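Have a look at the model first, then read on.

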Amino acid sequence: MNLLKITVYALAGLAAIALTLAVGWWRVDGPEAPERTGLRPVDLSAMDFRLSDHEGEEVGPEILIGRPTMVFFGFTYCPDVCPTTLSDISGWLDDLGEEVEGMNVVFITVDPERDTVEAMAEYVSYFHPAIRGWTGPEEEVARAAQGFRARYERVSTDGGDYTMNHTASVFLFDDDGQFTTMIDYHEQREFAVPKIRRALNKETEGAT
Amino acid sequence: MKTVVYGLMAALMFALSATMPAIAGSEDVVVEDAWARASIGVNRPGAAYMTIRNTGDEAVTLTGIRTDLAIMSDIHQTSTNAEGVSSMAPAGEIEIAPGDAVSLEPGGLHAMLMRLQRPMAEGESFSLTLDFSDGGEIVVEVSILGIAARGPDG
């Protein structure tokens with residue numbers, strides 16, 4: 001009888017410890033972890049990945065250096081966020097007009113399985129002509145995302161399909177490839193356009 | 001002038017009678033600015049947007065949507081967390097209080113159209129039926145705009 005009591009107490013004690021640990025994990029590393037501040041992309045010169053642009057040309061971070069750059073992640077099977085981001089960006093570029101000539105604008109897919117070079121080519125053709133679509137082997141996409149500190153995950157949906165959760169921010173770099181700032185998803189145009197202009201003006205200052 | 005007004009009223013009456021069944025609650029729902037982006041083929045899901053306004057005195061609950069354009073359709077909610085990661089999830093039933101409106105707009109709620117039966121072609125339109133908890137339904141004609149459209153005006 002005593003042995004049973006001891007066993008029950010011991011199990012209850014263990015359960016309490018396990019619960020405490022679980023709650024701790026939840027708050028520190030788990031879904032309730034505080035926002036990781038200071039998580040910003042490394043400079044383009046510190047990145048290393050090989051992808052293909054939508055015309056089949058081999059590309060990497062080094063080809064972006066020398067011009068101001070705008071990069072964002074997404075996938076073409078995305079019904080809401082990605083077309084919205086692409087059309088927002090197209091609108092910003094239209095607003096900036098000739099100022100954006102010579103700016104790199106790159107859309108990197110997080111879903112290379114479905115986003116082949118051909119799929120990217122067709123998709124970007126509907127948006128501003130400055131937008132380039134990059135895809136490639138999954139591990140290279142992962143290396144790219146890591147450099148930009150972008151996150152993505154595959155999520156199954158009803159009927160055997162899948163969708164991708166992903167970082168929807170737009171990253172801006174100056175002509176030296178240094179990270180300048182990011183534009184959050186759905187940021188108003190009156191804030192977004194000046195941010196792009198700042199990344200562009202860095203170039204003008206450097207040139208004069 | 002009078003003729004114009006009567007003409008407008010007649011058109012309005014016709015529009016109302018055509019889109020609203022005579023059932024308490026959902027009969028007072030008005031849908032405005034329904035639009036969608038064109039699709040590339042049929043493999044990718046589509047999304048439609050609109051404003052659903054409850055002009056009546058009692059709350060209404062939108063329980064689902066359907067269209068012959070897609071095998072599966074559902075209202076989804078896009079959300080972006082503190083780290084900037086966007087995700088989508090079914091929004092469930094949506095209650096609209098009297099006098100309130102719910103906006104389905106890019107980056108928020110949208111009518112998610114899965115398994116398209118035919119491509120969504122720019123310049124065309126499709127019917128979408130909204131089902132309400134009181135048994136009422138509203139059929140909305142959704143205009144298909146370009147892939148790069150940002151709102152109901154293109």
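1. A word on conventions: residues are numbered from 1 along each chain as its sequence is written, and chains are lettered from A in the order in which they are written. This is a predicted model, so local features need pLDDT of at least 70 and side-chain atom pairs count only at pLDDT 80 or more, while totals for chains, interfaces and linings use all residues.

2. Start where the chains meet: 29 residues of chain A are in contact with 26 residues of chain B (C-beta atoms, placed from the backbone, within 7 Å). On the chain A side, α2 (81-96), α3 (117-124) and β7 (162-167) each give two or more residues, and α2(A) has the largest share, with seven. Helices here are DSSP runs of H or I, at least four residues, and strands are runs of E, at least two, numbered from the N terminus.

3. Now look at β8 (residues 170-173) of chain A. Val170(A) and Leu172(A) point one way, Phe171(A) and Phe173(A) the other, and all are buried (20 or more other C-beta atoms within 10 Å of a residue's own, C-beta atoms being placed from the backbone).

4. What does β8(A) pair with? β3 (residues 69-74) of chain A joins it antiparallel over four bridges, and Thr69(A) is the partner of Phe173(A). Four bridges also link β8(A) to the antiparallel β9 (residues 179-183) of chain A, where Met182(A) partners Phe171(A).

Terms used. Two residues are in contact if their C-beta atoms, placed from the backbone, lie within 7 Å. A residue is buried if 20 or more other C-beta atoms lie within 10 Å of its own, exposed if 12 or fewer, and partly exposed in between; C-beta atoms are placed from the backbone. Two strands pair if DSSP finds at least two bridges between them.
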